[in-house]
Structure formats: C-alpha cells, structure tokens
Amino acid sequence: MAFEVKSFATIRLCVTNIQKSRDWFKAFFGVEPIEDFENFVSFKICGTVLDIVLADEKSPLSAGGSVGYWFVDNLEEAISRATILGGKVYRGPLRVNEIKRTIVQIIDPHGNVMGLEAEY
C-alpha cells in the first residue's frame, strides 16, 4: 500500500518557558497564536502549524537536534529581525549550491533553535 506526502503539517518546539517563547515567535513572525494556553501555544504560519510545548524528559530542549527551516523571501531581513528581538546567528549563513539556497540557524534568547532559508 502506497501513500503520498502532501505537505509539512506541524513543527513542535520544546521550550523552557512557553510565554516568553510565544512572545518571541509572535514578534518574529508577526502573527497571533491560534491557541494560547499556559502549557501550550500554537501558531499557523503559511499553512504550517508551530506548536510550542514545555520541554520534559521525553522531549528535551535541544540546540542541536532536529531543526525546522522556514523558507523566507529576504534572509537578511529575517536575520535582522531575529537579532533585533535578541536572537543570535547560531550556524551559518551557509550557501547550499545543490538547492540554490542560503540557510542559517537562529537561536532565540531562550535557547530555541530554528532554521531560515532563502533562494539566492
């Protein structure tokens, strides 16, 4: 039996402080949460859901594990906004010739890592 992958549906980010992470991602993406609870926050960004949950022993905070990359139209502006909001470039920018994109990892002020990429 075969199946077809239709799209990326959800990215779940494990954090140490949901409210601070919510506020940072709200400011970075410029969108309001679609769900906003003390122990869970969810955003819908260009058809993909970003869930923010508390890290625990089964889903720890990670600065080097799996990283979701958001495709943006202006990488320099996205990096600038992230740094204005207290984030830092964690890795990159790195030009990836095979896919004709530049990628970068950003670490937010709370230790969460996310990726950004743009065509060059």
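Start by colouring the lining of the second largest pocket by class: 11 residues are nonpolar, 4 polar and 1 charged (Ala, Val, Leu, Ile, Met, Phe, Trp, Tyr, Cys and Pro count as nonpolar, Asp, Glu, Lys and Arg as charged, and the others, Gly among them, as polar). A pocket here is an open set of points on a 1 Å grid where a 1.4 Å probe fits, with protein on both sides within 12 Å along at least five of seven lines, and lining residues have an atom within 4 Å of a point. This is a predicted model, where local features need pLDDT of at least 70 and side-chain atom pairs pLDDT 80 or more, while totals for linings use all residues. Numbering runs from 1 along each chain, and side-chain values use heavy atoms, without hydrogens or water.

The space in this second largest pocket is about 300 Å³, a volume being what probe spheres set on the points fill. Now select Arg 12, Leu 13, Cys 14, Ser 66 and Val 113, the closest to its centre of 16 lining residues. Strand β1 (a DSSP E run of at least two residues) gives the largest share of the lining, 4 residues.

Next, move to the largest pocket, at about 400 Å³. Of its 18 lining residues, Phe 29, Ile 45, Trp 70, Phe 71 and Val 72 are the closest to the centre. Elements giving two or more residues to this lining include α1 (18-29).

Finally, stay on helix α1 (a DSSP H or I run of at least four residues) and pick Gln 19. Its side chain reaches the backbone oxygen of Glu 38 at 3.0 Å. Gln 19 is partly exposed because its relative accessibility is 29%, between the 20% and 50% limits for a 1.4 Å probe.

Note on methods
Polar contact = N/O pair within 3.5 Å; in protein donor to acceptor, adjacent residues only side chain to side chain.
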